[in-house]
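Hi there,

Here is the structure I promised to pass on. Have a look at it first, and my notes on its aromatic rings follow below.

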Amino acid sequence: MTNAAAVARKRVPIFLVAAFALAAPAQAQKSGGSITVGQELEIAGFDPLKVGVYDTSTFTAAAAIFDTLTTLNDKGEAAPKLAVSWTHSDDYKSWTFKLREGVKFHDGTPFNAQAFKENFDRQKDPANKCRCAFYITNVKEVLAPDEHTVIFNLTDPSVNWPAVITIQSSNNVIHSPTAWKTKGDDYNRNPVGTGPYILKSWTAGDRMVLEKNPNYWDKGRPYLDRIVLKPLPDAQSRFASLQSGEADIIWDDENDADNIMKAQKDPKLTVHTYKGSGAQVYAFNTKVAPFDDVRVRQALVMAIDRPKMSQAISNGLSRPASNPYGDGSWVKCKDDGALPFDVEKAKALIKDYGKPVEFKMLVTATPRGRMVGQVLQQFWKRVGANMEIEQVDQATIPTRAFTRQFQLTPWRIVDLADPDPQMYANFRSGSPLALAGFSDPELDRLLDHARVTADIGQRSEDYCAIGRLINKEAIWFWTFQNTYYALSSARLKGFPKIYNSVIDVSNTWLE
């Protein structure tokens, strides 16, 4: 274990609470009032042991009820939240965080290092069989050497750990240990955090009401008295509720392109768009025919007309992707080695393969899933490949993917502040998450090097080289960059960037 002295050798800038401002200038902010958020889904609950991972709707509530150790500022850099400063060991495998003092959970119990450690240990405990543990396998242990110090000891280096842990996920938000111990099974629907809002009431299928935390540690915040979260699964009903004033902000995506375009033309509404990092992707299982042959994989990638596909599924809103990083990433590649759209070359590769190209592709049993599958099916039929669409429930896809029960599966590189966690997990030889089953010594070398150097320029070069190698071998392919949307009343102010697809209204106010 790295000792405290070693941990202190390297220091990142120490941020002070006075500098912690994510919204507009103070004079523009107004207190009071309430807003209603129209969400895509009913929230299943908050206890990681019950729900495993949070979806996009739960993120919104979690951002209001809970805090994380760190947050992302407007520049996409890690900034203080429940931690005020941090240091790292020379090898980036140990990170020490100094915690904010005087913070209390909504139930009046103190937030401290022991409370944080209990959160981590509860998720990590094999006896609890939490699906959430899968996402913290890289954390060997969390130590609490004193009341206001937390140490992460990692299995592998992470040069950007404070930014990686900012998302309001089931792993990162901090619950009151007293609350989950006393409430037992009821805790899932009675969450207790340190956040700016407290759960007041929750009627399943109708609404969740959050009220202002009068004792919030960040004095002067939050601004709103109340946030009401309403599940409105139907996109048209959700948009109608915004137009009528029943909702003040709603979740949306490119699948509802017509509504986004209508909102852009309505002076009473604001369209919030964030071009994130990551992409919508598809993984070939390179261990099974016909995808054990690079010619077939390359042919299918070269047969895809992304602009035409974008027009078909989102009226052209979806932005074509040629690598896994996206406009929101600090990884910028002059040359990512993307295979060109070339129907004739694709046909030639299929002919050279010399055998029938027939396979199944998993798609979600949703209108969007079916449409994407049908568009790709037509592209591939044109070059002589026959794809059968296999529709499955969305929750089935991770299970099938992790057990390699697929030939071609949809996936996603999500919007994280650093590419390392996902790229290493998805492409390093021996990783249980390397869905393609592809192994290459040069790819491994680049992945290993990118996680141990702190030089951003060098890391960007490494990741561009990784992208070129993946594109050349066509083990995965990218369709569209991640773009996130929220539509709101023009009166709603202070809405931040939609990092990680999180609709965070915890610091908003009404004009």
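Let me start with Phe402, which is partly exposed, with a relative accessibility of 29%. Trp411 also counts as partly exposed, at 21%. Please keep in mind that this is a predicted model.

The rings of Phe402 and Trp411 make a pair: their centres are 5.5 Å apart and their planes meet at 75 degrees, so the pair is edge-to-face, given that angles over 60 degrees count as such.

In total, there are 23 aromatic pairs. Another one joins Tyr282 and Phe477, whose ring centres lie 5.1 Å apart with the planes at 15 degrees; that makes this pair stacked, because planes under 30 degrees apart fall in that class. Tyr282 belongs to strand S13 (residues 269–284) and Phe477 to strand S17 (residues 476–489), so the pair ties together parts that are 195 residues apart in sequence.

How accessible are these two residues? Tyr282 is buried, at 7% relative accessible area, and Phe477 is buried as well, at 1%. Both Tyr282 and Phe477 belong to one aromatic cluster, together with Phe284, Phe291, Phe359 and Trp380.

Arg189 lies over the face of Trp202, at 3.7 Å from the ring centre. Over the ring of Tyr424 you will find the charged end of Arg451, 3.4 Å from the centre of that ring.

Terms used
Residues are numbered from 1 along each chain as its sequence is written. This is a predicted model: local features need pLDDT of at least 70, side-chain atom pairs count only at pLDDT 80 or more; totals for chains, interfaces and linings use all residues. Side-chain values use heavy atoms; hydrogens and water are left out. Rings of Phe, Tyr and Trp (its six-membered ring) pair if their centres lie within 6.5 Å; planes under 30 degrees apart count as stacked, over 60 as edge-to-face and the rest as tilted. Helices (H or I, at least four residues) and strands (E, at least two) are DSSP runs, numbered from the N terminus. Buried means under 20% relative accessible area, exposed over 50%, partly exposed in between (1.4 Å probe, protein chains only). A charge sits over a ring if NZ of Lys or CZ of Arg is within 6 Å of the ring centre and within 35 degrees of the ring normal.
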